[in-house]
Amino acid sequence: MLAFLVMPAYAALPQNCTQAIIGIAEGWNHSSVTLSVVEKNAAGQWVRVLGPYKGRLGRNGLVWGLGVHANPRGATVKREGDGRSPAGVFALGGLWVTNKNYVKHHKSIPYVKVGPNDLWVSDVRTPKLYNRHVRLNHPARTEWELREQMRQTDYAHSIKLLICHNTAERRGGPVVGAGSSIFFHIWRKNGASPTAGCTAMDETNLRAIIARLNPSRHPVYVLLPKAEYARLRQSWRLP
């Protein structure tokens with residue numbers, strides 16, 4: 001699978017993480033987010049190196065996701081089609097690109113040129129393929145293949161960075177129906193439109209974040225409502 005790292009669930013930020021994308025929303029039902037990239041310096045202090053940038057989340061806000069964090073007991077967790085972005089701490093995966101202009105990135109980050117043979121499966125009726133990339137040996141042609149095909153001509157999805165919510169990198173693998181196809185991508189209408197569950201931002205800012213990411217720093221994405229971030233900051237050792 002195309003991910004920077006494989007990790008079990010932690011109650012806190014992994015010890016080896018020295019780079020993070022931080023997303024803070026006003027509340028669980030808000031679809032706007034403020035994004036920054038932070039890194040640990042030589043003194044072990046977190047410093048902001050990019051941002052803050054404006055971004056958009058799912059149209060219905062946030063809900064707990066399945067990442068490297070431990071969810072609160074009894075928490076409501078993301079479901080397929082709920083229109084919410086997964087909250088928590090997530091590993092980052094590879095790049096999936098149809099954009100004609102090269103996306104600058106660290107050489108260790110997997111880079112996939114998406115074509116008509118590429119699917120990302122969200123169909124809960126195919127549990128063995130759910131929330132996984134499938135590359136066919138032919139262009140998508142059946143009704144099912146075309147429905148699961150990765151977008152070919154949608155500019156907002158021409159640069160995608162995988163957010164490892166409920167993916168194969170998570171211990172136990174994907175939970176069918178718990179949400180699929182979660183990426184960073186370019187926003188629509190200059191930020192006037194929310195997403196279906198991804199995190200979107202201006203293309204220039206997305207390119208800057210991708211260019212900054214260094215897999216050797218074990219980067220993660222931390223996405224939380226403001227009050228939840230404050231509550232968990234000490235116990236999760238958040239920046």
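Helices here are DSSP runs of H or I with at least four residues, strands are runs of E with at least two, and both are numbered from the N terminus.

Before I go on, the model is a predicted one: local features need pLDDT of at least 70, side-chain atom pairs count only at pLDDT 80 or more, and totals for chains, interfaces and linings use all residues. Residues are numbered from 1 along each chain as its sequence is written, and side-chain values use heavy atoms, with hydrogens and water left out.

Back to the arginine. Arg-151 counts as partly exposed because its relative accessibility is 43%; buried means under 20% relative accessible area, exposed means over 50%, and partly exposed is in between, with a 1.4 Å probe and protein chains only. Leaving out residues up to four places away in sequence, Arg-151 touches Thr-98, Val-114, His-157 and Arg-188, where contact means heavy atoms within 4.5 Å. Its side chain also has a polar contact of 2.8 Å with the side chain of Asp-154, and another of 3.3 Å with the side chain of His-157. A polar contact is a pair of N or O atoms within 3.5 Å; within protein, one must be able to donate a hydrogen and the other to accept it, and residues adjacent in sequence count only if both atoms are side-chain atoms.

The largest pocket has a volume of about 570 Å³. Its lining has 26 residues, and Ser-122, Arg-151, Ser-180, Ser-181 and Ala-196 lie nearest its centre. By class, that lining has 8 nonpolar, 11 polar and 7 charged residues. Nonpolar covers Ala, Val, Leu, Ile, Met, Phe, Trp, Tyr, Cys and Pro; charged covers Asp, Glu, Lys and Arg; the others, Gly among them, are polar.

Arg-151 turns up again in the second largest cavity, along with Trp-96, Val-97, Thr-98, Val-114, Met-150, His-157 and Lys-160. This cavity has a volume of about 40 Å³. On a 1 Å grid over the protein atoms alone, a cavity is a set of points where a 1.4 Å probe fits but cannot get out, and a pocket is an open set with protein on both sides within 12 Å along at least five of seven lines; lining residues have an atom within 4 Å of a point. Grid points are joined across faces, edges and corners, and a volume is the space filled by probe spheres set on the points.

Now the other loops. His-105 is in the loop between β5 (85-97) and β6 (111-113). His-105 counts as buried because its relative accessible area is 17%. The side chain of His-105 makes a polar contact of 3.3 Å with the side chain of Tyr-102, and reaches the backbone oxygen of Val-103 at 2.9 Å.

Thr-167 lies in the loop between β9 and β10 (183-186). With a relative accessible area of 1%, Thr-167 is buried. Beyond residues up to four places away in sequence, Thr-167 touches Asn-131, Gly-173 and Pro-174.
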